[in-house]
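Please look over the structure shown here before reading on.

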Amino acid sequence: MSIDAPRPSGRSPYGGPRPASDPPRPYTPLWRRSREDEWPPLGEVLRGRREQVRPGVLLVLFLPCLWWLTVPLLVGYQLARTARRMARRVFPVRPEGHVEDPEVLRVQRVRAGVGLAMSGVLLAVFGGWKDVADAQQQFLNRLLFAPWFALLSAAVVVALLFWAARPGTRRAMRTQLWPAGRSALCYFGAWTLVPLLFTTAGKGMSLLPSSANGPAGLLLWVSVMFVCWAPFWWVIFFLCFASGPALRHAFNLSALHAALPALVTSVLVWVFAFLGLSTGGLPPGPVPLAVCAFLGGPVSVTVVAWWEIHRLRRRHGVRWRG
């Protein structure tokens, strides 16, 4: 029977303090850990670089005058942590079939920054308060309707790609269609649950008395509030963490075809451009400049998307019908 060597961690395999012979574990700052797929546990956040949480920290967290602030923060962190874990499981940052191209990512970031700066300059120079309100309204509309238009665009693009593919390729693509459809169903199921959970939580809170009598009444009031609102906020956190990867990778359709996310992005940006034109008109400023600003966003996104597809074909052998 052999005894394994102690692991290089903050504690020994048997739960005691780390032996002096162990090499020190490299410390990763918490802000870097927060960018990983799973956030660190709550105890590690409170502990920091120490071996255990200091009693003074616990005393401050659960002071009677501060419990209304600290308890929601602690519970919210746990809800956000579990929701992020589930969101990254359904929509990974690097899904199957996705090709990471640093040059394309760099150009996309530069294009997004330039587009945002140009929009701000046009609003500051030629716009008024009404234009600012219209821009905010368009942003909210895009935020609300982006998932639904993305799903519709993805369905149209997938149908066209199926029609153009060879028969043998269609059978291989069909096996990858169900995982992408399942992730899309999870995402839109979460969107559907938001108003239902909000209504249910409001009805549950209306059954409680307006004031809590004694410690037992206060405990009952807090427990019912947690049971009513915890599912709602969990779904909200899930949507916040899942929306970026879901829209960026077109609901994991890169496993179906590596060029699908870029194609869906090209279609979606034109849909939003004409939707904004029909609701808010051209951007503020002289007509030639406004037309250029209106076409600049979707045209630049389309050019970058087709350049990405060109690099996929040249560097990674991606073919439309292959």
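Predicted model: local features only at pLDDT ≥ 70, side-chain atom pairs only at ≥ 80, totals over all residues.

Residues are numbered from 1 along each chain as its sequence is written, and side-chain values use heavy atoms, with hydrogens and water left out.

**Overall fold**

- The protein chain has 10 helices and 0 strands, where helices (H or I, at least four residues) and strands (E, at least two) are DSSP runs numbered from the N terminus.
- Of its 322 residues, 29% count as buried, that is, under 20% relative accessible area with a 1.4 Å probe, protein chains only.
- Among contacts in the protein chain with a separation of 6 or more, 74% join residues 24 or more positions apart; a contact means heavy atoms within 4.5 Å.

**Helices α5 and α10**

- Helix α5 (residues 102–126) packs with helix α10 (residues 287–316) at an angle of about 175°, and their axes are 11 Å apart.
- Axes are lines fitted to C-alpha atoms, for helices over the stretch in contact, and angles run from 0 to 180 degrees between N-to-C directions.
- The two helices are therefore roughly antiparallel to each other, a term for angles over 145 degrees.
- Residues of α5 including Val104, Arg111 and Phe126 meet residues of α10 including Leu289, Trp307, Glu308 and Arg311.
- By class, this contact has 9 nonpolar, 3 polar and 4 charged residues; Ala, Val, Leu, Ile, Met, Phe, Trp, Tyr, Cys and Pro count as nonpolar, Asp, Glu, Lys and Arg as charged, and the others, Gly among them, as polar.

**The cavity**

- The structure holds 1 cavity of 30 Å³ or more, a cavity being a set of points on a 1 Å grid over the protein atoms alone where a 1.4 Å probe fits but cannot get out.
- Val99, Asp101, Val104, Glu308, Arg311 and Leu312 line the largest cavity, each having an atom within 4 Å of a point.
- Helix α10 gives the most to this lining, with 3 residues.
- The lining divides into 3 nonpolar, no polar and 3 charged residues.

**Arg81**

- Arg81 lies in helix α4 (residues 67–90).
- Arg81 is buried, with a relative accessible area of 11%.
- Leaving aside neighbours within four places in sequence, Arg81 is in contact with Glu38, Trp39, Pro40 and Pro41.

Note on methods
Buried < 20%, exposed > 50% of the residue type's maximum accessible area, 1.4 Å probe, protein only. Parallel < 35°, antiparallel > 145°, perpendicular 65-115°, else oblique. 1 Å grid on protein atoms, 1.4 Å probe; cavity = no way out; pocket = protein on both sides within 12 Å on 5 of 7 lines; lining within 4 Å. Points joined across faces, edges and corners; volume = space filled by probe spheres on them.
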